[in-house]
Amino acid sequence: MGEVGKQFFDFPPETKHKYSRKDVSTEGYGSDIIIAEEQTLDWTDRLFLTTSPKDQRQLKFWPEIPESFRETLHEYTTELEKLNEILLKAMAMCLNLEENCFLDMYGEKENATMIARFNFYPPCPRPDLVIGIKPHADASAFTYLLQDKQVEGLQFLKDNQWYRVPLNPEALVINAGDYAEIMSNGIFKSPVHRAVTNSERERMSLAVFCVPNPDREIEPVNGVVNEARPRLYKKVKDYARSYFEYYQRGRRPIEAAII
Ligand SMILES: O=C(O)CCC(=O)C(=O)O
Ligand SMILES: [Fe+2]
């Protein structure tokens, strides 16, 4: 999948523009979205494609170059859908909760939302000043990150310090998002992360976000709220909608869900 994504970004701009985002929509190919004057722009080109529910796929934005792009993305995300269910069950089991408690709240995979975002970071003349993707946490239950096989860049924030994620070409980085934090009443944390640039080499990552359907009401499940651990989050619905508003202003959307 990584190779196929890279090949797409290697095509000349006029070829890629066929798949360009239209003004207000996030779907398609383009640079960072501008919604606020005071925002900082990320040093990146993106290709943003909704892959589930299947009837929401906008195939006009799905590259036909390289030829295998569409099929590869379909196969890759179909596998991740299965993995996501396994992970939601594992999350319950490791807290000694009923196996399906998170999965039942999240909803069946046919209706859940899945978004693939290819991030392409060209070499940047001033990596000391410019960031590839600014600090944020993901508005997903889980995010599956396929890292560049050769160029590092992803960092996570812990105790006010940035930690590098080392390269591991054989592995996916799986990141818990805000929905996992809310459903688990804060036991699983949705960490703040960013990607830095470098002056020498381009870098590509693919983030696949697994998000409950916007109709779903999401809140801490039974079993994670008790006297010792009071409820921390309100019930949220279609939380991802307001996400970009906060995100582009460098704020954490989960603030809105805290009681
Ligand atoms: O480029 C990366 O490694 C991180 C991308 C990311 O955090 C995102 O797309 O949400
Ligand atoms: Fe992210």
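**Core, sheet and ligand surroundings in a predicted model**

The largest nonpolar core comprises 65 residues, and Phe102 and Phe118 have the most contacts inside it. A nonpolar core is here a set of buried Ala, Val, Leu, Ile, Met, Phe, Trp, Tyr and Cys residues joined through side-chain atoms within 4.5 Å; buried denotes under 20% relative accessible area, exposed over 50% and partly exposed in between, with a 1.4 Å probe and protein chains only. The model is predicted, with local features requiring pLDDT of at least 70 and side-chain atom pairs counted only at pLDDT 80 or more, whereas totals for chains, interfaces and linings use all residues. Residues are numbered from 1 along each chain as its sequence is written, chains are lettered from A and ligands numbered from 1 in the order in which they are written, and side-chain values use heavy atoms, with hydrogens and water left out.

Apart from neighbours within four places in sequence, Phe102 is in contact with Leu88, Met91, Ala92, Leu95, Leu97, Met183, Ser184 and Val221 (contact: heavy atoms within 4.5 Å).

Strand β10 (residues 203-211) is mostly covered, with 9 of its 9 residues buried. On one side these are Arg203, Ser205, Ala207, Phe209 and Val211, and on the other Met204, Leu206, Val208 and Cys210. Strands are DSSP runs of E of at least two residues, numbered from the N terminus, and two strands pair if DSSP finds at least two bridges between them. Strand β3 (residues 113-121) runs antiparallel to β10 and is joined to it by 9 bridges, with Tyr121 opposite Arg203. Strand β5 (residues 142-146) is also antiparallel to β10, through 5 bridges, and Tyr144 stands opposite Val208.

An open sheet of 4 strands has the order β4-β9-β6-β7 with antiparallel pairing. Because β4 (131-136) and β7 (161-164) stand at the edges with a single partner strand each, one side of each is left without a neighbour in the sheet. The pairing of β4 with β9 (residues 193-196) is antiparallel over 3 bridges, and His136 stands opposite His193 in β9.

An oxygen atom of ligand 1 lies 2.6 Å from a side-chain N or O atom of Tyr121. For Arg117, the distance from a side-chain N or O atom to an oxygen atom of the ligand is 3.0 Å. A polar side-chain atom of Asp138 is 3.3 Å from an oxygen atom of ligand 1.

Conventions:
A polar contact is a pair of N or O atoms within 3.5 Å; within protein, one must be able to donate a hydrogen and the other to accept it, and residues adjacent in sequence count only if both atoms are side-chain atoms.
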